[in-house]
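The sequence and structure come first.

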Amino acid sequence: MKINTNNNIYTIVYAAVMVVIVAFLLAFVSQSLRERQDANVKLDKQKQILYALNIRGLDDEQAEQKYKEVVVKEDNVDGNTVFVCTVDGKTKYVLPLKGLGLWGGISGYLAIDEDKQTVFGAYFNHESETAGLGAEIKDSQTWQEKFQGKKLFDANDSIAIAVVKKVDNPESQVDAVTGATLTSNGVSKMLRDGVKAYEKFLKEE
């Protein structure tokens with residue numbers, strides 16, 4: 001019997017079959033790649049932590065090995081994660097950060113010296129900030145390096161680290177990214193909220 005390809009029923013059945021086949025193929029591919037995707041996400045996180053510790057320029061294999069060497073343990077402090085690390089024989093604490101930029105989420109890692117008062121290094125990331133402007137929080141290593149040596153707290157023991165348009169306190173403040181005021185404000189708030197979340201831990205003797 002000849003099939004009438006112009007029939008509406010044929011069109012509907014054909015479309016339904018194609019949808020099922022495509023869905024099956026997509027699910028199969030997604031499942032097949034999940035392990036690799038999870039591994040890539042894990043490696044990216046490890047690299048970002050290393051960047052915060054001022055360890056850069058490693059390929060994937062070197063980064064995995066270095067991460068195992070420097071990250072001693074992952075602690076839970078008052079419901080927050082702290083990565084305890086050793087760099088050149090000295091203890092460093094890496095704090096994960098989450099915030100909001102101009103167009104979406106921003107994140108980062110802040111590495112703190114053993115004194116729990118001084119920034120050792122920082123790395124920031126974003127979801128959708130403007131290239132050449134807000135995206136500089138991720139793309140500019142030079143800007144990230146400005147956080148090195150900054151103090152988290154002032155003489156009154158209040159949170160002092162901040163990103164500002166005009167630096168009045170060079171011990172704790174970093175210049176905002178040029179042309180990216182809102183993103184810079186987002187980083188500043190993320191830093192303050194992050195330090196506040198870990199304040200009890202950071203002020204422990």
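Strand 3 (residues 90-100) and strand 4 run antiparallel to each other and are joined by eight bridges; strands pair if DSSP finds at least two bridges between them. Helices (H or I, at least four residues) and strands (E, at least two) are DSSP runs, numbered from the N terminus. The model is predicted: local features need pLDDT of at least 70 and side-chain atom pairs pLDDT 80 or more, while totals for chains, interfaces and linings use all residues. Residues are numbered from 1 along each chain as its sequence is written, and side-chain values use heavy atoms, with hydrogens and water left out.

**Strands 3 to 5**

A hairpin of four residues connects strand 3 to strand 4. Leu100 faces Gly105 of strand 4. Strand 4 also pairs with strand 5 (residues 119-126), again in the antiparallel sense, over seven bridges. In this pairing Ala111 has Gly121 of strand 5 as its bridge partner, and Leu110 is opposite Ala122 in strand 5. The hairpin between strand 4 and strand 5 has six residues between the strands, and Lys116 in its turn has a positive phi of about 60 degrees.

How many residues of strand 4 are buried? Eight of the eight residues of strand 4 (residues 105-112) are buried, so the strand is largely enclosed by the rest of the structure. Buried means under 20% relative accessible area, exposed over 50%, and partly exposed in between (1.4 Å probe, protein chains only). In a regular strand the side chains alternate between the two faces of the sheet. In strand 4 both faces are covered: Gly105, Ser107, Tyr109 and Ala111 are buried on one side, and Ile106, Gly108, Leu110 and Ile112 on the other. Strand 5 is mostly covered, with seven of its eight residues buried.

**Salt bridges**

The whole structure contains seven salt bridges, each defined as a side-chain nitrogen of Lys or Arg within 4 Å of a carboxyl oxygen of Asp or Glu.

| Pair | Closest N to O distance |
|---|---|
| Asp75 and Lys73 | 3.7 Å |
| Lys203 and Glu199 | 2.7 Å |

Asp60 is partly exposed at 39% relative accessible area, whereas Lys47 is buried at 18%.

Asp75 and Lys73 are both bridge partners; Asp75 is partly exposed at 28% relative accessibility, and Lys73 is partly exposed at 43%.

Lys203 forms a salt bridge with Glu199. Salt bridges with shared partners join Lys203, Glu199 and Asp157 into one network. Lys203 is partly exposed at 30%, Glu199 is buried at 18%, and Asp157 is partly exposed at 40%.

**Positive phi in loops**

Most residues other than glycine have a negative phi. Asp157 has a positive phi of about 70 degrees although it is not a glycine. Asp157 is located in the loop between helix 4 (141-145) and strand 6 (162-164). Asn54, also not a glycine, has a positive phi of about 65 degrees. Asn54 sits in the loop between helix 1 and helix 2 and is partly exposed at 34% relative accessible area.

Which residues of helix 2 are buried? Ala63, Tyr67 and Val70 are buried in helix 2. These residues cover an arc of only 80 degrees around the axis, which puts them on the same side of helix 2; the arc is taken from the directions from the helix axis to the C-beta atoms. Glu61 and Lys68, on the other side of helix 2, are exposed. At the start of helix 2, a side-chain oxygen of Asp59 comes to within 3.2 Å of the backbone nitrogen of Glu61.

In helix 1 lies Ile21, which is partly exposed at 41% relative accessibility. Ile21 belongs to a nonpolar surface patch of about 1100 Å², whose other members include Ile9, Val13, Tyr14 and Phe28. Patches are made of residues with over 30% relative accessible area and no salt bridge, where like charges are joined within 9 Å and nonpolar side chains (Val, Leu, Ile, Met, Phe, Trp, Tyr) within 5 Å. Accessible areas come from the Shrake-Rupley method with a 1.4 Å probe, and for residues only the protein chains shown count as cover.

Note on methods. A polar contact is a pair of N or O atoms within 3.5 Å; within protein, one must be able to donate a hydrogen and the other to accept it, and residues adjacent in sequence count only if both atoms are side-chain atoms.
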